[in-house]
Every structure is written in C-alpha cells, then in structure tokens.
Amino acid sequence: MTYYGAKNLADSFRTVRKNTIALAEEIPADKYDFRAAPGVRTVAEQLTHIAVQTRWQIRVHNEGVTFIDFERFGRELARSAAEEQLLTTKDEILAALRKDGEDFASFLDGFTEERLGETVGFPPS
C-alpha cells in the first residue's frame, strides 16, 4: 500500500508551485534579467526552466516509456530549452508556471498506485 499516493504528490506539487508563483509575482519585471553570477541563469531563465520541465515528463509517461537513454534525454532537454526560449515576458512566464504547474499536478493526481510503482530506467553514467 502506498501511504504517500498520487493525491499527496499532486497536492505537494501544487503547494510548491503556488509558492514559486508567489515569489515570481513579487519580483519586478525589470529584475527578471538579473544574473547573480556569470554562467548562472537569470531570474527569467530559471523560472522558464521550472515552468516547462514538467512537460517532457508528462510526454514520456503518457507514451509508456520504460527506459530513457541518453539520446532521448538529450532530445527532451533540447526541446525543453527551445520551449523555454518562447517565454520572454514576466506575464508569459507566470502564465506558463500556472498552466504547466496545474497540468503536471492534474497528471500526478490521475496516477494509480500501480502506475506510481512503475520504474523508468536510465543508463548508468
């Protein structure tokens, strides 16, 4: 029996995303290009990354993928990077955080215990 099930995962994800959105709303739009140090993502880059990274996870689970090789992982990261580039304003980023966050939470909410127990393999590094 799973004690921390799909509903718990979805609720926890919604809480974290709600807090992320609250912080993103508080940051002025003119500070979204702030970069703390060379080589570090800007505020906007980090928030867009957070917003879209759940998309590929939904895709691979919906496709029933049981093993992700480095090639597939690389393609998914490249696709995510391209999707991140499409979000250029604070309003677009906040909208994506909201929509993609709820999409992912709803996705998690729909998992059965059996599905939660499935393993997706990845090659050793």
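Thr-15 lies in helix α1, which spans residues 6–26, helices here being DSSP runs of H or I with at least four residues, and strands runs of E with at least two, numbered from the N terminus. The structure is a predicted model, in which local features need pLDDT of at least 70 and side-chain atom pairs count only at pLDDT 80 or more, whereas totals for chains, interfaces and linings use all residues. Residues are numbered from 1 along each chain as its sequence is written, and side-chain values use heavy atoms, with hydrogens and water left out.

Of the 125 residues in the chain, 34% are buried, where buried means under 20% relative accessible area, exposed means over 50%, and partly exposed lies in between, as computed with a 1.4 Å probe on protein chains only. Among contacts (heavy atoms within 4.5 Å) with a separation of 6 or more, 76% are between residues 24 or more positions apart.

Helix α2 (residues 43–62) packs with helix α3 (residues 70–85) at an angle of about 135°, their axes being 9 Å apart; the axes are lines fitted to C-alpha atoms over the stretch in contact, and angles run from 0 to 180 degrees between N-to-C directions. This angle makes α2 oblique to α3, since angles under 35 degrees count as roughly parallel, over 145 as roughly antiparallel, 65 to 115 as roughly perpendicular and the rest as oblique. The residues of α2 that make the contact include Val-52, Trp-56, Arg-59 and Val-60, and those of α3 include Arg-72, Phe-73, Glu-76 and Leu-77. By class, the contact of α2 with α3 has five nonpolar, four polar and eight charged residues.

Within helix α3, Arg-72 is buried, with a relative accessible area of 13%. The side chain of Arg-72 makes a polar contact of 2.8 Å with the side chain of Glu-76, a polar contact being a pair of N or O atoms within 3.5 Å, of which, within protein, one must be able to donate a hydrogen and the other to accept it, with residues adjacent in sequence counting only if both atoms are side-chain atoms. Apart from neighbours within four places in sequence, Arg-72 is in contact with Val-60, Glu-63 and Val-65.

Thr-15, by contrast, is partly exposed, with a relative accessible area of 45%.

Conventions
Ala, Val, Leu, Ile, Met, Phe, Trp, Tyr, Cys and Pro count as nonpolar, Asp, Glu, Lys and Arg as charged, and the others, Gly among them, as polar.
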